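Student: Before we begin, could we go through the model feature by feature, setting each value against its cut-off?

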Amino acid sequence: MLEAKKLPDDKARIFERTMHLYYQVPYRIPSLSTITEMRSNGDLELMDNLDLRKKLIQFEQEILSTDEVLVLMGHHAAEHVFYIDQYIRAIPDTSVVSTDYVEIGIKTNFEEMANDIKFVNYLSKFSVQWSHHMMFSRDLNESAIKLRDELIEELEKLNK
């Protein structure tokens, strides 16, 4: 849309919502407490299935590696907030007062954004990074599901 320098009316809300999400680049905070506890108190050694034990350790490394990538991406996004801020204005909805949630709307200046070649290029590069973020997250989730299923299967064998 920015490169075409046209924002169709039916896409305006989607565009503004997408720009608002820029500020919500997630940092992952992996919890490895269970694996760490198992390793430190020797419970990991209780797993007779060496292949499964190896997969659990590999999954721990996958979590840590993925976390490093996502944190770097988050820092990169945070470094450029000043550039994004010049085109986006947050507008809190003060009509509803709540301690739980504040609705924030945003106002963008699409025309100025579209005419700023550096801005368009930055967002283009950022969209590629976001695609990678999604890929890493999806792969990690798939690995977790696969490992969970293998652990359940192993536990069911022990209960027979």
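Student: How do you know that the span of helix α6 agrees with its number of residues?

Tutor: In this predicted model, helix α6 covers residues 117-158, and at 1.5 Å a residue its 42 residues should span 62 Å. The expected span is 1.5 Å times one less than the number of residues. The end C-alpha atoms of α6 are 62 Å apart, so the two values agree.

Student: What reaches the backbone nitrogen of K118 at the start of α6?

Tutor: A side-chain oxygen of D116 comes to within 3.1 Å of that nitrogen, and the cut-off for a polar contact is 3.5 Å.

Student: Which residues of α6 are buried, and against which elements do they pack?

Tutor: The buried residues of α6 are F119, V120, Y122, L123, F126, H133, S137, L140, L147 and E154. They pack against α1, α3 (50-79), α4 (81-85) and α5.

Student: What makes the pair of F15 and F110 a tie between parts apart in sequence?

Tutor: F15 lies in helix α1 (residues 12-21) and F110 in helix α5 (residues 110-115), so the pair ties together parts that are 95 residues apart in sequence.

Student: How do you know whether M113 is buried or exposed, and which residues is M113 in contact with?

Tutor: M113, which is found in helix α5, has 0% relative accessibility and so counts as buried. Leaving aside neighbours within four places in sequence, M113 is in contact with L2, F15, M19, Y87, I88, T108, F119 and V120. M113 and I84 are 29 residues apart in sequence, with their C-alpha atoms 9.1 Å apart in space.

Student: Which residues lie closest to the centre of the largest pocket, and which element gives the most to its lining?

Tutor: The largest pocket holds about 400 Å³ of space. Of the 15 residues that line this pocket, T18, M19, L123, F126 and S127 are the closest to its centre. The elements that give two or more residues to the lining are α1 and α6, and α6 gives the most, with 6 residues.

Note on methods: Residues numbered from 1 in each chain as written. Predicted model: local features only at pLDDT ≥ 70, side-chain atom pairs only at ≥ 80, totals over all residues. Heavy atoms only, no water. Helix = DSSP H or I, 4+ residues; strand = E, 2+ residues; numbered from the N terminus. Buried < 20%, exposed > 50% of the residue type's maximum accessible area, 1.4 Å probe, protein only. Contact = heavy atoms within 4.5 Å. Polar contact = N/O pair within 3.5 Å; in protein donor to acceptor, adjacent residues only side chain to side chain. 1 Å grid on protein atoms, 1.4 Å probe; cavity = no way out; pocket = protein on both sides within 12 Å on 5 of 7 lines; lining within 4 Å. Points joined across faces, edges and corners; volume = space filled by probe spheres on them.
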